[in-house]
Amino acid sequence: MKIAVPSETSAGLDSIRSGHFGHTPWFTVVEIQDDQIVSVEPIKNVDHDEVGCGGVIDFVVGLNVDAILTVGMGMPPYTRFTNAGVAVYTDATQPRVEDAVKLLIAGGVPLMRLDQACRH
């Protein structure tokens, strides 16, 4: 499984997670195989002000990820990701990328539900 995690810096697993995916400066892309982290790649996000929310969604989908692990997102992005086959997981308890990913691996991060999406 390949997961994009909105992140504040390019510090990989040590990065602090970003609160919302759209304006995040970075995505930490983590590949998991057999419940182990096998690769980590920080990728600079596109400029939200330049491409809009849809451009950020297209960018993330273009990374060929299976999932996004986010603190939160709005209903339109949630719908576009799920329609594109990208699972949306949500966790607001773990500030570091590594801790959130390990919690996901352990089964402690649920799929986001539509009623959890921000209404903005």
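Guide: Asp 14, Arg 96, Glu 98, Asp 99 and Lys 102 are linked in a network of salt bridges, a salt bridge being a side-chain nitrogen of Lys or Arg within 4 Å of a carboxyl oxygen of Asp or Glu. This is a predicted model, in which local features need pLDDT of at least 70 and side-chain atom pairs count only at pLDDT 80 or more, while totals for chains, interfaces and linings use all residues. Residues are numbered from 1 along each chain as its sequence is written, and side-chain values use heavy atoms, with hydrogens and water left out.

Visitor: How many salt bridges does a search of the whole structure find?

Guide: The search covers the whole structure. Its count of salt bridges is 6.

Visitor: How many residues apart in sequence are the parts that Arg 96 and Asp 14 tie together?

Guide: The two side chains meet in a salt bridge at 2.8 Å, N to O. Arg 96 lies in the loop between β5 (87-90) and α3 (97-105), and Asp 14 in the loop between β1 (2-7) and β2 (26-33); helices (H or I, at least four residues) and strands (E, at least two) are DSSP runs, numbered from the N terminus. The pair therefore ties together parts whose separation in sequence is 82 residues.

Visitor: Is Arg 17 buried or exposed?

Guide: Arg 17 forms a salt bridge with Asp 91, the closest N and O atoms being 3.1 Å apart. Buried means under 20% relative accessible area, exposed over 50%, and partly exposed in between (1.4 Å probe, protein chains only). With a relative accessible area of 7%, Arg 17 is buried.
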